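Open the model in your viewer and keep the selection tool at hand. The tour below goes from one selection to the next.

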Amino acid sequence: MGAGLTGRRVLVTGGSSGIGAATARACAAAGARVAVLARRADRLEALADAHDLVPVTADVTDPGQAAEGVARATTALGGLDVLVNAAGVMHPGLITDQDPAEWRAMVDVNVLGLLAVTQAAIPHLEASDGGATIVNVSSMSGRRVPSPTGAVYSATKFAVHAIGEALRQELQPAGVRVTTISPGFVATELFDELDQSDVVARYRRMAATVGISPEDVAAAIVHALSAPDSVTTVEIAMVPTDQDDSAYASSVSGSGSGAGSGTGDAG
Ligand code: NDP
């Protein structure tokens with residue numbers, strides 16, 4: 001990879017693993033100075049040591065920590081040109097029987113956390129002298145509802161699209177670009193902490209078998225960031241070639257956690 005982002009100051013949330021970590025590495029390899037924000041300090045420090053990044057430990061669901069995290073990153077980098085909102089969680093389940101705590105967890109991280117970090121970052125992005133960009137990591141689940149167990153995760157990702165489109169209009173006069181990226185299955189740890197239900201087992205299997213790599217998503221983000229300032233990439237949608245969309249027509253047969261079949265469902 002060349003030095004297409006030389007000197008650009010980049011903050012990546014969700015930078016401790018998966019898509020966020022890969023994006024941080026790819027931006028650094030392209031010449032950017034990068035801060036990574038997440039909760040797991042040990043992960044952040046290992047990544048920062050290996051790639052000369054700035055580790056910022058913060059929980060985006062706490063508005064105070066989100067604002068303080070953006071402030072620490074911006075101070076360490078000497079300003080901010082790019083924000084990549086990759087922090088996210090997923091809990092599949094049917095509305096009939098899902099624990100509302102899981103709804104709140106998804107809304108808190110995927111929507112309110114993204115908003116808190118973004119609000120804190122906007123003044124710094126507006127002060128950037130070139131290439132100011134926000135990249136929001138949504139999902140193919142933010143473009144269509146793939147299965148009955150995806151209601152609230154999809155709702156949060158539809159929200160990411162809506163917020164991104166409104167932000168693009170709001171920040172256009174300031175020259176800040178906004179990009180929404182929607183991956184299908186990606187081989188990451190997103191499903192690791194979940195329960196052992198059939199649907200989760202299928203997600204894990206799909207991510208591990210057909211899932212594209214986090215580096216593939218990171219490369220698409222770097223591509224959007226590397227476009228001339230006069231070009232805004234509004235949306236990128238990308239799926240594994242082997243992700244079978246015909247399987248999205250799943251049913252609610254049997255118990256909730258077993259709903260759906262085939263190779264579709266998440267992403
Ligand atoms: P990972 O689980 O590997 O990464 C999720 C990241 O979010 C971690 O770095 C985690 O760090 C961070 N995070 C979670 N909660 C918080 C919080 N409260 N505060 C700060 N950071 C938090 O999964 P992915 O890389 O797959 O997920 C990245 C994004 O990609 C998510 O938004 C996800 O919805 C989206 N996505 C993923 C797909 C997939 O198939 N994997 C498909 C489509 C979209 P820590 O735990 O250290 O806080």
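Begin with Val107, which sits in helix α4 (residues 100-126); helices (H or I, at least four residues) and strands (E, at least two) are DSSP runs, numbered from the N terminus. This is a predicted model, in which local features need pLDDT of at least 70 and side-chain atom pairs count only at pLDDT 80 or more, while totals for chains, interfaces and linings use all residues. Residues are numbered from 1 along each chain as its sequence is written, and side-chain values use heavy atoms, with hydrogens and water left out.

Val107 is partly exposed, at a relative accessible area of 32%. Buried means under 20% relative accessible area, exposed over 50%, and partly exposed in between (1.4 Å probe, protein chains only).

Next, select the ligand. Which residues come nearest to the ligand? They are Ser16, Arg39, Arg40, Tyr153 and Thr188, out of 32 residues around the ligand; a residue counts as near if one of its heavy atoms lies within 4 Å.

- Lys157: a polar side-chain atom is 2.9 Å from an oxygen atom of the ligand.

Finish at Gln243, in the segment after β7 (235-238). Is Gln243 buried or exposed? Gln243 is buried, with a relative accessible area of 6%. A polar atom of the Gln243 side chain lies 2.9 Å from the backbone nitrogen of Phe185.

Key
A polar contact is a pair of N or O atoms within 3.5 Å; within protein, one must be able to donate a hydrogen and the other to accept it, and residues adjacent in sequence count only if both atoms are side-chain atoms.
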